[in-house]
Amino acid sequence: MAKNTSLYFRIVEGRNLPAKDVSGTSDPYCIVKVDNEIVASHDDVIGKISLTKEAIGSQAKGLDSWINLTRLDPDEEVQGEIHLSLQLLKHTEKIVLRCDVVEARDLAPRDISGTSDPFARVIYNNHSAETSIIKKTRFPHWGETLELDLDPQELSEEGAIVVEVWDWDMVGKNDFLGKVEIPFACLRKTSLLDSWFRLLPLGNNEVDVGGKLGALRLKVRLVEDQILPSMYYQPLIDLLVESVISPAEVEDSSALTMLEEVTTVESRQDVAMTLVKIYLGQGLVVPFLDYLNTREVNHTTDPNTLFRSNSLASKAMEQFMKAVGMLYLHEVLKPIINRIFDEKKYIELDPCKIDLNHTRRISFKGAVSEAEVRDSSVEMLQSYLSRIIESIVGSVEQCPPVMRVAFKQLHKRVEEQFAEPENEDVKYLAISGFFFLRFFAPAILTPKLFQLRDQHADTRTSRTLLLLAKALQSVGNLGLQLGHGKEQWMAPLHPIILRSVASVKDFLDKLIDIDHDIVSEMPQRAVFLPSVIVKEGYLHKHKAEGAQLLSRFAFKKRYFWLTSETLSYAKAPDWQVRSSLPIHCVCVVERVDENAFQQQNVMQVITQDDDGQLHTMYIQCKNVNELNQWLSAIRKVSIYNERMLPSFHPGTYRGGKWTCCLQTDRAAPGCSRTHSAVTLGDWSDPLDPDVETQTIYKQLLQGRDKLRKKHLPEADADQMADNSDINPDGAECNQVKPGQGLASRLLAVIEDLEEAHASFQPREEDSSTSVIVNA
């Protein structure tokens, strides 16, 4: 049984943050720290917010509120573990507490060098003893034995042995690195206690300073599941598959329709994405979408309301396009989005919002009029919009085949339901509504959410993107609603929108002109993680042959490409000769300590060749956000690798020893544990059938009573159990209403899964999350 924990974290906004710069403002950014993640910063720290696992998990829908920042207490910022061996030795007249202090790992850096000078202290009552000081390391090896002579009357079941770790400083007071408290009762139960212990803070002394440090608005949700072995989920998978491979009449119930009945508005998007992943893994995503879309179309009488609600069908199509079409969207939109961001033009059509103070770049001949601003804006918007439309309508061959087949099925169902001549455009609107209004337009409006840009747009660029998104929505509506809204100032763009209608229809006709069998023969995992570029950009690669060079010369700028198969790099994007690392050989993707190269934001990718030899590539990113994005991306594409190592060296091998743990053997096992395979959750998460089916089970479990009440009323249930009628031929038969048999099977599956979960006793783990705001 596995444990799957997901932390959904969104930092929305801040307010009343103190000024840290001479300008009277700050340049704030946030660092999210979970458990023992390293947080090191040379910037001014404004404050922090700490949230425990219990505090987040106590709210079913998560936290969504303003929380005041508190001061950062160094004694609370601890990390790492310590290896101890403790035992009580009873002599005739005294008792000796023996503590072997073996080693520690991942200690917090307290010195400017990015390391510490740690020593340990053992304390019980008024007795204490200290180890020696190990200089300049976060991975000290003491191997020392400390003994405390105790009187028998000092022993108490309520007492505790405390082991503290400190950073020694020649000037000033020592810095606290963490502590371990071991109840004395534990030593009475065992003759020898030998283990790694997690270091804990000195004590929570946080004081709310009344908002003087400002506040953050956070949205935090913790989802923790116990994942059963695959065989337990197979009956539920079978019911879901049965819904689409052997569909009953449109009006009949199925496992999918019952799931939709208990799906809340808040959870529908997550459920839709989960179902898309499940059916992708089963090779049935097209029949799945066709089943939902057929029901939606057949239940719609007014074509103007088709797919306008947030039904499961609408959400499933939305999430399906994100799952299989994001790389296609990047190929189509990224060049024009980058151009808009680079040019930063001031564009405005609304007369009420034109600000002549922002128009200095338009003319150097003096003040410009609103008419000139408007004319310039129209010209730029027409240029951008034309380029976007041309790129989309010319992308038929780039569109993933599975998406084209899904649209072909949708086109067929709509055409069958609305066959009247006056509804000729409905079959186009059904597709364009998803394609333009729910896929391309939102990506233009907020490129960062679709990974088209690393940062959100500034105010000026954001306004340009909004106007373009509005125009593209009108294109998706085939210009049918032009002139009927309140925004009549958009009229200058109407001609180009109307001219594009014919080309859009032609594009949609070509889009659905595809053989259905093409998709059925494709490997499903390749559909979800195709061998195309998932991330690219300039990074700095460590030049291994220049080990004796100064650190600033040891990193060379290179352009990197990451696919599901290789991590490659060259001197420039257009460089034909590339060096590559096979993804299947990756065994470690981790951060590197700052003191290793005296550089920040460095990561390492360790690969293992066929002979078992390990090779390390060091890569420097320009900031911590880029570092996290690359770490996450490489970890995701290598999540199924069989060679992943349990430990690594966060330092580098230099001068005949590792800078982290000071071991002299270059092949020594890593001194720090590797982290989880995935750090960020987004559309490119890999398929995990057990995790996804667990999500569906939880949704059904929450709605079990509703299903039982609707499909198995008490009277009918009793009748099915105890009563039977005699048919004219003399045979007995139960009077089962439509849907009752399926509901009984589904409820039985839910109960079986509930019992399976109850039979496992998961181990509880402590965890906490901190948000640290720097300037």
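**Close-up views of a predicted model**

**View 1. His 542 and the residues around it.** Leaving aside residues up to four places away in sequence, His 542 touches Ala 554, Phe 555, Phe 597 and Tyr 618, where contact means heavy atoms within 4.5 Å. His 542 sits in strand 14, residues 535-542; helices (H or I, at least four residues) and strands (E, at least two) are DSSP runs, numbered from the N terminus. With a relative accessibility of 12%, His 542 counts as buried (buried is under 20% relative accessible area, exposed over 50%, partly exposed in between, with a 1.4 Å probe and protein chains only).

A quick note on the numbers: this is a predicted model, with local features needing pLDDT of at least 70 and side-chain atom pairs counting only at pLDDT 80 or more, while totals for chains, interfaces and linings use all residues. Residues are numbered from 1 along each chain as its sequence is written, and side-chain values use heavy atoms, with hydrogens and water left out.

**View 2. Glu 348 in its loop.** Glu 348 is found in the loop between helix 7 (312-343) and helix 8. Buried or exposed, then, is Glu 348? Glu 348 is buried, at a relative accessible area of 4%. Not counting residues up to four places away in sequence, Glu 348 touches Lys 353, Ile 354, Val 373, Arg 374, Ser 377, Arg 463 and Leu 467. A polar atom of the Glu 348 side chain lies 2.9 Å from the backbone nitrogen of Asp 350. Glu 348 and Ser 376 are 28 residues apart in sequence, with 9.0 Å between their C-alpha atoms.

**View 3. Helix 8 against helix 11.** Helix 8 (residues 370-393) packs on helix 11 (residues 459-476) at an angle of about 50°, and their axes are 10 Å apart. Axes here are lines fitted to C-alpha atoms, for helices over the stretch in contact, and angles run from 0 to 180 degrees between N-to-C directions. The pair is therefore oblique (under 35 degrees is roughly parallel, over 145 roughly antiparallel, 65 to 115 roughly perpendicular, and the rest oblique).

**View 4. Who meets whom between helix 8 and helix 11.** From helix 8 come Leu 381, Tyr 384, Leu 385, Ile 388, Ile 389 and Ile 392, meeting Thr 464, Leu 467, Leu 468, Ala 471, Leu 472 and Val 475 of helix 11. Sorted by class, this contact has eleven nonpolar residues, one polar and no charged ones; Ala, Val, Leu, Ile, Met, Phe, Trp, Tyr, Cys and Pro count as nonpolar, Asp, Glu, Lys and Arg as charged, and the others, Gly among them, as polar.

Notes. Polar contact = N/O pair within 3.5 Å; in protein donor to acceptor, adjacent residues only side chain to side chain.
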